Amino acid sequence: MRAYRDRYANLFHGGRNVVLIGISNDAPEELASWLHDEDFPFLFASDLANQGQTYAAFGGTPRDNDMAGSRAVIVIDPEGRIAGVIPEFNQVDPAAYEELGAIIDEVTPEPEDEGGG
């Protein structure tokens with residue numbers, strides 16, 4: 001997730017009106033500590049106690065064991081709607097960032113250059 005954090009400004013167009021939620025089966029205390037220690041600019045949610053219900057509430061389909069996929073990612077658009085669900089975000093795979101970037105580009109396109117040139 002560090003690589004993810006470090007690419008945040010580029011991927012999220014500076015964080016413009018997009019909310020990202022990473023959902024995992026990690027304990028809430030672990031996620032809170034990690035979020036604080038690493039200064040991530042997005043949210044984490046634990047599905048450990050909810051047995052997949054948190055992930056399902058965002059449109060994800062829990063695995064056979066009723067848990068969220070490995071670090072599922074939910075993208076919320078500027079109007080507060082679910083723009084995308086990535087069931088298993090592989091932070092070391094460049095293709096994962098391409099998929100995430102495509103979702104974000106769809107809901108928050110880069111502003112046109114107002115300089116006219």
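Modeller: I will begin with the model as a whole, turn to helix H5 and the core it contributes to, and then follow a few residues elsewhere.

This is a predicted model, in which local features need a pLDDT of at least 70 and side-chain atom pairs count only at pLDDT 80 or more, while totals for chains, interfaces and linings use all residues. Residues are numbered from 1 along each chain as its sequence is written, and side-chain values use heavy atoms, with hydrogens and water left out. The protein has an average pLDDT (the predictor's confidence in each residue, from 0 to 100) of 77, and 73% of its residues score at least 70. Confidence is lowest in helix H1, residues 2-6, where the mean is 66, and highest in strand E4, residues 82-86, where it is 90.

The secondary structure comes to five helices and four strands, taken as DSSP runs numbered from the N terminus, with helices being H or I over at least four residues and strands being E over at least two. Along the sequence these elements follow the pattern α-α-β-α-β-α-β-β-α. Of the 117 residues in the protein, 38% are buried, where buried means under 20% relative accessible area, exposed means over 50%, and partly exposed lies in between, with a 1.4 Å probe and protein chains only.

Helix H5 can first be judged by its length. At 1.5 Å a residue, its 14 residues should span 20 Å, and the C-alpha atoms at its ends are 21 Å apart, which agrees; the expected span is 1.5 Å times one less than the number of residues. At the N-terminal end, H5 is capped by Asp93, a side-chain oxygen of which lies 3.0 Å from the backbone nitrogen of Ala95. Such a polar contact is a pair of N or O atoms within 3.5 Å; within protein, one must be able to donate a hydrogen and the other to accept it, and residues adjacent in sequence count only if both atoms are side-chain atoms.

The buried residues in H5 are Ala96, Tyr97, Leu100, Gly101, Ile103 and Ile104. Seen down the helix axis, the buried residues fall within an arc of 160 degrees, so they line one face of H5; the arc is that of the directions from the axis to the C-beta atoms. On the other side of the helix, Pro94, Glu98 and Glu106 are exposed.

The largest nonpolar core has 15 residues, and those with the most contacts inside it are Leu20, Val73, Val75, Ile86, Phe89 and Leu100. Strand E3 (72-76) and helix H5 (94-107) each supply at least two residues of this core, and H5 gives the most, with five residues. Apart from it lies another core of seven residues, among them Ile23, Ala45, Ala72 and Ile74. A nonpolar core is a set of buried Ala, Val, Leu, Ile, Met, Phe, Trp, Tyr and Cys residues joined through side-chain atoms within 4.5 Å. In soluble globular proteins, nonpolar side chains tend to be buried together.

Ile86 and Val75 are 11 residues apart in sequence, while their C-alpha atoms are 8.4 Å apart in space.

The loop between E3 and E4 holds Asp77, which is buried with a relative accessible area of 7%. A polar atom of the Asp77 side chain lies 2.9 Å from the backbone nitrogen of Glu79, and Glu79, at 55% relative accessibility, counts as exposed. The structure holds two salt bridges, each being a side-chain nitrogen of Lys or Arg within 4 Å of a carboxyl oxygen of Asp or Glu. Arg81 forms a salt bridge with Asp77, the closest N and O atoms being 3.2 Å apart, and Arg81 also forms one with Glu79, where the closest N and O atoms are 3.2 Å apart.

Elsewhere, Ser46 lies in strand E2, residues 43-46, and is buried with a relative accessible area of 15%; its side chain reaches the backbone oxygen of Asp26 at 2.5 Å.
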